[in-house]
Amino acid sequence: ALLARLRELPAQHKKEVTALKTKLAEVTASKHETTEESQMLHALSSAVLSLYLEVKERKVLRQTDDMEIEQRQLAKTNPVVVMSYLRTHLRALLAFHEDSELDLRAQLKLASVESEQN
């Protein structure tokens, strides 16, 4: 019985090695996929941050140092939060432009009425 078990050991060992090699290949592939996703997420985060800083009104910041400090702080922030900042800022810009457009339309209408009266 012992001799039979000893003879089975190389075959068992070969099966275990094959199973472990398969598992290693799966884990390696998964790691590679995760690394690619992480790199894409980092690139997306950087792009969102760049877009936010590009769109943001820069008149408030007086010095380049302030801008660099803000960029470093935002780079540490969750990208979803930066996207929220971007959305808020874009909505404010749209509202400002809509208000400006309404003011211009009112001025044009007033000018048109005045020119008709003259």
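Buried residues account for 9% of the 118 residues in the protein chain. The model is a predicted one. The chain exposes about 10,500 Å². Carbon and sulfur atoms supply 59% of that area.

The overall dimensions were examined next. The radius of gyration of the protein chain is 32 Å. A compact globule of 118 residues would have a value near 13 Å. Along the principal axes, the C-alpha atoms fill a box of roughly 120 × 35 × 15 Å. One pair of residues illustrates the spacing. Ser112 and Val17 are 95 residues apart along the chain, and their C-alpha atoms are separated by 88 Å.

The secondary structure consists of 3 helices and 0 strands. In sequence order the pattern is α-α-α. Helix α1 covers residues 2–55, and helix α2 covers 64–75. Helix α3 takes in residues 79–117. Contacts across the sequence were also counted. Of those between residues at least 6 apart, 58% join residues at least 24 apart.

Helix α3 was checked for its length. It holds 39 residues, which should span 57 Å at 1.5 Å a residue.

The buried residues of α3 are Val82, Leu86 and His89. These buried residues pack against both α1 and α2. An α-helix has 3.6 residues a turn, so residues three or four places apart point the same way.

Tyr52 lies in α1. Its relative accessibility is 8%, so Tyr52 counts as buried, the cut-off being under 20%. Beyond its neighbours within four places in sequence, Tyr52 is in contact with Glu70, Leu74, Val82, Tyr85, Leu86 and His89. Val82, Leu86 and His89 in that set are the buried residues of α3. Tyr52 and His89 are 37 residues apart in sequence, yet their C-alpha atoms lie 8.3 Å apart in space.

The protein chain carries 17 positive and 18 negative side chains. The centres of the two sets lie 14 Å apart.

Key
Residues are numbered from 1 along each chain as its sequence is written. This is a predicted model: local features need pLDDT of at least 70, side-chain atom pairs count only at pLDDT 80 or more; totals for chains, interfaces and linings use all residues. Side-chain values use heavy atoms; hydrogens and water are left out. Helices (H or I, at least four residues) and strands (E, at least two) are DSSP runs, numbered from the N terminus. The radius of gyration is taken over C-alpha atoms; the globule rule is 2.2 Å times the number of residues to the power 0.38. Buried means under 20% relative accessible area, exposed over 50%, partly exposed in between (1.4 Å probe, protein chains only). Contact means heavy atoms within 4.5 Å. Accessible areas come from the Shrake-Rupley method with a 1.4 Å probe; for residues, only the protein chains shown count as cover. Lys and Arg count as positive and Asp and Glu as negative; His and the chain ends are not counted. The place of a charge is taken as NZ of Lys, CZ of Arg, CG of Asp or CD of Glu. The expected span of a helix is 1.5 Å times one less than its number of residues.
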